[in-house]
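Subject: Structure for you to look at

Hello,

Here is the structure I said I would pass on.

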Amino acid sequence: MFSQASNFVEGVDKAFLIISGISLVFLIGITFAMILFVVKFNKKRNPVAKNVKESRSLEIVWTVIPTLLVLVMFYYGWAGYAPMRDFPDDAIQVKATGRMWSWSFEYENGKISPTLIVPIDKAVTLNLYSPDVLHSLYIPAFRIKEDLVPGINNKMWFEAGILGEYDILCAEYCGERHSYMLSKVEVLTQEEYDAWYYKVDDNTNAAEAGLKILQVNGCVACHSLDGTRLVGPSFKGLWYSTKTVTTGVVSRQVTADEEYIKESIYNPSKDMVDTYPKVMISYKESINEEQLKQINAYLKSIEK
Ligand SMILES: [Cu+2]
């Protein structure tokens with residue numbers, strides 16, 4: 001138990017304050033010495049230049065003191081960082097996916113959420129995964145940040161100590177909508193967390209289920225639901241509309257039917273809708289045929 005947003009706040013803040021404090025002392029000291037020297041050694045007071053002899057004791061003092069200060073900074077930096085790389089065995093495991101341009105969090109029971117939901121006073125390990133480019137999962141309130149590197153299994157952990165909501169940001173420039181790559185951590189009591197974790201999602205309404213799939217897979221980061229032009233074409237009014245696409249070098253008209261939508265998700269660079277950039281990756285690994293049907297149900301429900 002601790003009364004801070006996460007178990008790393010104290011160590012990181014201590015290192016930050018000590019380094020900032022030492023820097024401040026030097027800023028004031030150096031500025032003061034500089035002004036003093038400008039006044040004391042100006043040309044008016046010293047018309048003839050003098051040769052200044054070396055001083056061994058001075059050399060020793062200005063070597064030993066900075067060395068000690070740097071070691072002090074290293075010590076506190078290390079003391080704050082080391083526990084971040086010491087992973088507890090009993091932590092809740094969450095797969096954190098960062099993709100252009102959204103986050104999703106997958107739990108051990110298969111539950112997927114666009115926000116990170118965790119219980120208070122429990123260790124949580126985030127197994128970081130990026131299918132496309134470099135991202136960095138940053139939770140400022142928890143004082144933690146770690147890169148997501150495609151092809152490398154990186155991870156980070158924390159234990160939250162105060163109930164509430166905290167920002168998640170991407171801290172590695174990852175393209176056009178990088179600054180919109182935001183999410184939240186929600187720290188709940190154990191009872192609230194269990195209630196959320198064990199709640200069986202009601203997927204009887206196919207359209208609602210379809211919208212959820214579009215959200216957790218980050219589709220809505222690039223395809224708006226209200227007709228706004230983002231990175232890709234809006235979902236609004238897409239269902240059975242006519243699109244002009246370029247297939248290879250051939251321009252042709254297509255109807256946005258079930259087959260076209262499936263192709264656009266599984267093989268997005270095949271038919272490029274005119275004026276949109278070729279940036280989408282295939283979602284064949286994350287969206288199955290059953291989910292495609294639910295997506296179609298949702299698209300149909302926002303036809304107009
Ligand atoms: Cu990013």
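A term first: a crossing of two helices is called right-handed if the near helix is turned clockwise from the far one by less than a right angle, and left-handed if anticlockwise. Please also keep in mind that this is a predicted model.

Overall layout

The chain contains 6 helices and 13 strands. Its domain assignment gives domain 1 (9-85), domain 2 (92-198) and domain 3 (206-301). Between the C-alpha centres of domain 1 and domain 2 the distance is 39 Å. The C-alpha trace spans about 90 × 50 × 30 Å along its principal axes. The radius of gyration of the chain is 28 Å, whereas a compact globule of 304 residues would have one near 19 Å.

H1 and H2

Helix H1 covers residues 9-40 and helix H2 residues 56-81; their axes come within 7 Å and cross at roughly 160 degrees. An angle over 145 degrees counts as roughly antiparallel, so that is how H1 and H2 run relative to each other. Their crossing is left-handed. On the H1 side the contact involves Gly11, Val12, Lys14, Ala15, Ile18, Ile19 and Ile22, which meet Leu69, Val72, Met73, Tyr76, Gly77, Ala79 and Gly80 of H2. By class, these residues are 10 nonpolar, 3 polar and 1 charged.

H4 and H6

Helix H4 (residues 206-216) packs against helix H6 (residues 289-301) at an angle of about 105 degrees, and the axes are 7 Å apart. H4 is therefore roughly perpendicular to H6. H4 contributes Ala206, Ala207, Ala209, Gly210, Leu211, Ile213 and Leu214 to the contact, and H6 contributes Gln291, Lys293, Gln294, Ile295, Ala297, Tyr298 and Ser301. The contact of H4 with H6 has 9 nonpolar, 4 polar and 1 charged residues.

H5 and H6

H6 also packs with helix H5 (residues 258-266), here at an angle of about 120 degrees and with the axes 11 Å apart. H5 and H6 are therefore oblique to each other.

Regards

Key. Residues numbered from 1 in each chain as written. Predicted model: local features only at pLDDT ≥ 70, side-chain atom pairs only at ≥ 80, totals over all residues. Axes fitted to C-alpha atoms, helices over the stretch in contact; angles between N-to-C directions. Helix = DSSP H or I, 4+ residues; strand = E, 2+ residues; numbered from the N terminus. Parallel < 35°, antiparallel > 145°, perpendicular 65-115°, else oblique. Contact = placed C-beta atoms within 7 Å. Nonpolar A, V, L, I, M, F, W, Y, C, P; charged D, E, K, R; others polar. Domains from an automatic or database assignment. Rg over C-alpha atoms; globule rule 2.2 N^0.38 Å.
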